[in-house]
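Visitor: I'd like to learn how to read the places where parts of a protein touch. Could you walk me through it?

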Amino acid sequence: MPRVWKFGDAINTDDILPGKYAPFMVGEDRFHTYAFAHLRPDFASNYQPGDILVCGKNTGLGSSREYAPEALRKLGLKAIIAKSYARIFYRNLVNLGIVPFEAPEVVDALQDGDEVELDLEQGILRRGAETFLLKPPPAFLLEALKEGSILEYYRKYGRFPGERTGG
Amino acid sequence: MGLTLAEKILSKRAGREVRAGELVVVEVDQVMVVDSIAGSFFKRLEQLEATPRFPEKVTIVIDHVAPAANVEVAKAQKEIRAWGQRYGCRVFDVGRGICHQVLIEERLALPGGIVLGSDSHSTTYGGIGCFGSGMGATDIALAAASGRTWLRVPETVKVTFRGQLAPSATAKDAALEMVRLLTADGATYMSIEMHLVDGAESLTRSQRLTLANLTVEAGAKCGLVVPSGEILQMYDLPGWLSPDPDAVYAREVEIDLSNLTPRVAVPFYVDNVEEVEKVRGKKVDQVFVGTCTNGRLDDLHQVAEILKGRKVAPGVRLLVIPASSQVLEQATADGTLLTLLQAGATLGTPGCGPCMGRHQGVLAPGEVCVSTSNRNFRGRMGAADAEIYLASPRVAAATAVAGYITTPEALEEATYA
C-alpha cells in the first residue's frame with residue numbers, strides 16, 4: 001500500500017533536486033535518483049510509485065527548475081498534499097500532471113510512514129477506516145489535468161483552457 | 001478604482017481592463033531560456049509538435065554552467081547552438097554573461113513589456129518596469145510555441161522605499177530588509193510594486209535590478225519598480241506606465257533607507273535576515289561576488305573601493321565573477337579589475353558561477369561562504385552542510401579582508417585601533 005513521505009515547511013527546489021544533479025549535469029537517465037539527496041538520502045531508493053508527498057507551507061519555493069518535480073514524477077509521484085505552494089512550483093506540478101492538493105488540516109493529521117490510499121479523481125484519501133476529503137484544484141487546472149497535462153491540452157485544442165479562441 | 005502597475009501592463013496587453021484575480025492569456029515580448037533548462041524545453045516543444053512561433057522572441061543564454069564543466073553539459077550546450085541556428089533563435093554563448101543582465105543590456109527587456117524566463121530570478125526585469133516572471137520548461141515551451149502565456153492577474157503589495165541610502169547601506173540591504181518584512185511566502189502569487197520616494201528616486205538602474213531580483217524570494221510573480229530617476233533618461237517610457245494614485249493594494253509596507261544598516265541572510269533561508277552586527281566574527285572560507293543580484297559594475301566598484309591597498313585574508317578565497325562581458329570590459333578599462341586582482345581576488349567567466357553549486361567554487365563540507373547572490377538554501381553551493389550568508393558587495397569585500405563576517409566600517413576601526 002502507498003505510504004506518506006512527510007516533510008516540513010519551506011521545502012525548496014534545492015532540497016527536492018540539488019542543482020548539481022540537474023539532468024544536464026548528470027544525464028536524463030539518472031537525475032531522479034538524486035531526489036532529496038541532501039535532506040533525505042534514503043528517499044529515492046525507497047520511494048514506491050504512488051507514494052504520497054505531504055509537505056507544509058510554501059512548498060517548492062526557489063528555482064524554476066521543472067526537473068525537480070519531474071524527478072519526483074519519474075519516481076512515480078502522482079499527487080502532493082501541502083499546506084501551501086510556491087507559485088512556479090505549483091504551475092510546474094500542474095504542467096507535469098502531478099495533482100497539487102492544498103489541505104492544511106490533512107497535512108497536520110498525516111504522519112510520515114502512514115499507509116494511505118488516494119482516489120485522485122474524487123479527491124478522497126483513506127487511512128485505514130479514516131477518510132479525508134481533499135478540495136480539487138481550480139477548474140482551469142482540472143481541465144488541463146483531464147487531458148493529462150497542459151501540454152496535451154494545448155496540442156489537442158491549440159489554445160489554453162478557458163481561452164476563447166486559438167491563435 | 002485605479003490600477004496597479006501590474007494590472008496596467010496586463011490590461012494594456014490584454015486589450016481590456018483586467019483586475020487582480022482574473023485569468024488572462026497575453027502575448028509575451030521575449031521568452032528567455034537558460035542552458036540548464038534548454039534540454040527540457042526542446043523536449044517539450046517536440047511533445048507539442050511545435051516550433052517557435054516567433055523565433056526573434058526566443059533567446060537562449062548559456063550562463064548557468066559556462067564554460068561547460070563536464071561532457072553532459074558540453075553536449076547540452078552543443079545542442080543549444082545547433083538548435084538556435086536551425087530555428088533562427090538568438091543564442092548568447094559562453095562568456096556573454098548572466099541571462100537577466102544580458103537581456104537588460106541588449107534591450108530585449110523594456111519598460112512596459114512582458115518577458116518570461118526559465119529562471120526564477122526573471123523578476124529582475126521589473127527593475128526597469130518590465131513585467132518579468134519565471135516559469136518552468138513546459139510553460140516556457142508553450143509560450144515559445146504560442147507566443148502567449150496564461151497568468152492570473154496578481155494582487156499587489158506596495159513597498160515604499162523612502163529617503164537616501166545611508167552611507168553604509170546598499171540596495172542589497174534594502175532588498176534583504178524587504179524580504180525579511182514580507183517573509184518567504186508573504187507575496188506568493190503577487191506583484192511587489194516598489195515606489196522610490198523622498199530621495200530614493202536616485203537609485204540607479206543597477207540598484208533597481210537588485211531590488212527586483214530579490215522579490216521572488218518573497219514568493220512574488222513579478223517585482224516592479226515604478227520608473228523614475230535615471231530610468232526616465234535611459235528609456236522611452238510609455239505614457240501609461242505608472243500605477244494609478246487610487247490603485248488597490250493587498251498590503252503596504254515602508255522601508256526607510258536613510259537609517260538602514262548592513263544586513264545578512266543567515267542559513268538556510270533568504271528571509272532569515274539579521275543585522276551584520278549579529279553575526280560579526282563568523283569565520284569564512286570563501287567570499288563570492290557576482291550573480292544577477294550583485295555582479296554589476298557598481299558592485300565591483302564598491303568591492304574595489306574597500307580592497308584598494310588591502311589583501312584578502314590568508315586562507316580565504318575571494319571569487320569575483322562579473323555579471324556580463326560588458327561589465328568585465330568596463331571593469332577592465334577603468335582599472336577596477338587590477339585593484340581586485342592585486343588584493344588577491346580570483347576571476348571567473350561572466351555567468352552564474354558557483355551560485356547553484358555546479359562549478360567554479362563549489363563548497364566542501366563544513367565550509368562557510370559569504371555570497372552576494374540570492375539564495376542560501378541548504379546545499380545550494382555544494383556540500384549539504386556548507387553555509388551561505390547572503391550580503392552586499394561591501395560586506396563581502398570587508399569579510400574577504402578580515403577573514404570573518406564584518407562591515408567596512410568595523411574593518412576600518414579594527415585597522416586603526
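What follows is a short talk about two contacts.

Guide: First, this is a predicted model: local features need pLDDT of at least 70, side-chain atom pairs count only at pLDDT 80 or more, and totals for chains, interfaces and linings use all residues. Residues are numbered from 1 along each chain as its sequence is written, while chains are lettered from A and ligands numbered from 1 in the order in which they are written.

Visitor: How many residues do chain A and chain B put into their contact?

Guide: Two residues are in contact if their C-beta atoms, placed from the backbone, lie within 7 Å. Here chain A brings 37 residues and chain B brings 39 residues.

Visitor: Which helices of chain A supply at least two residues of that side?

Guide: Helices are DSSP runs (H or I, at least four residues), numbered from the N terminus. On the side of chain A that touches chain B, they are α1 (13-16), α2 (23-26), α5 (87-96) and α8 (150-157). The largest share, 5 residues, is from α5(A).

Visitor: And what about domains in chain B?

Guide: Domain bounds come from an automatic or database domain assignment. For chain B that gives domain 1 (1-22 + 154-260), domain 2 (25-152) and domain 3 (266-416). The centres of domain 1 and domain 3 of chain B, over C-alpha atoms, are 27 Å apart. Each of these two domains gives 16 residues to their contact.

Visitor: Which helix gives the most to the domain 1 side?

Guide: That's α6(B), with 6 residues on the side of domain 1 of chain B that touches domain 3 of chain B.
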